[in-house]
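Today I am going through a model and noting what I look up. Have a look at it with me first.

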Amino acid sequence: MRTLQPEQDAIFGLAIGATGTGKSLHTRRMIPRLLRWSPRVLVLDPKGDYRNECGGLISVGDTIRWLASDAPGIVGCMIVSDIDRDYIGRAIWKYGSVFVVADEFQFYGDSTRFKSDSWRQIVTMGRSYGIKVIAVTQRLTMLPKDLLTNATDILMFRTSCNRDTKSLIDVAGDSAGRVSSLPRFRALKWGEHPELWEA
Ligand SMILES: Nc1ncnc2c1ncn2[C@@H]1O[C@H](COP(=O)(O)OP(=O)(O)O)[C@@H](O)[C@H]1O
Ligand SMILES: [Mg+2]
């Protein structure tokens with residue numbers, strides 16, 4: 001059950017970059033290490049990229065039962081729709097204490113709001129309940145401002161979107177301008193937990 005855990009390391013990580021720049025492969029490689037930060041890791045994987053790291057993918061129903069059980073380990077769920085995202089978001093908000101990796105996070109909202117209230121709560125308040133998040137997304141400015149203002153850590157791959165670059169410069173300073181000319185598979189990182197993103 002969800003309990004307030006304000007003493008824990010708060011992590012809300014963002015991996016951002018154009019499609020094909022290596023975000024998902026980099027994130028896949030970090031999955032086993034996330035057990036250092038939390039005994040429970042849940043990967044939300046709309047493209048099936050994380051099958052191997054998760055030992056296969058399970059259904060939304062089984063994922064919710066796993067969340068409710070407090071069982072440790074790594075679980076991957078292949079979500080395909082807004083309804084799936086909403087069910088899982090509500091269960092995460094209800095049970096807490098899990099490290100969530102959500103790929104293709106641009107599907108969770110638009111520039112003004114998240115499609116589900118539970119995801120807005122997870123992003124803005126989940127840290128107090130031991131909910132850690134890594135959101136992987138192609139475009140930053142397609143998503144609500146809450147996402148960037150709550151980030152503790154950012155991994156930035158190449159982007160060709162000037163508005164994304166500008167938003168990052170606001171947060172990370174002028175050096176963030178380099179993201180528009182990064183080589184493929186290279187990324188810049190900012191934040192409170194540099195060891196989170198180690199290669
Ligand atoms: N560091 C890397 N070195 C070599 N190939 C890579 C590297 N990172 C990703 N790739 C390959 O590039 C392609 C796109 O990577 P992916 O992680 O799916 O990108 P994204 O999630 O940003 O769209 C994949 O075929 C992947 O195997
Ligand atoms: Mg990807």
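**Notebook: ligand shell, sheet and helices**

I began at ligand 1 and found Gly17, Thr19, Gly20, Thr21, Gly22, Lys23, Ser24, Leu25 and Phe185 around it; a residue counts as near if its C-beta atom, placed from the backbone, lies within 6 Å. By class I get two nonpolar, six polar and one charged residues in this shell, with Ala, Val, Leu, Ile, Met, Phe, Trp, Tyr, Cys and Pro taken as nonpolar, Asp, Glu, Lys and Arg as charged, and the others, Gly among them, as polar.

A note on the source: this is a predicted model, where local features need pLDDT of at least 70 and side-chain atom pairs count only at pLDDT 80 or more, while totals for chains, interfaces and linings use all residues. Residues are numbered from 1 along each chain as its sequence is written, and chains are lettered from A and ligands numbered from 1 in the order in which they are written.

Next I traced the open sheet: seven strands in the order S3-S2-S4-S5-S1-S6-S7, with mixed pairing. Strands are DSSP runs of E with at least two residues, helices runs of H or I with at least four, numbered from the N terminus; two strands pair if DSSP finds at least two bridges between them. The edges are S3 (73-77) and S7 (188-191), each pairing on one side only.

I then checked S2 (residues 40-44), which runs parallel to S3 and is joined to it by five bridges. Val43 sits opposite Gly76 in S3.

Last, I looked at which residues of H3 meet H4: Val60, Thr63, Ile64, Leu67 and Ala68 meet Asp84, Tyr87, Ile88, Ala91, Ile92 and Tyr95, contact being C-beta atoms, placed from the backbone, within 7 Å.

Definitions and conventions:
Two residues are in contact if their C-beta atoms, placed from the backbone, lie within 7 Å.
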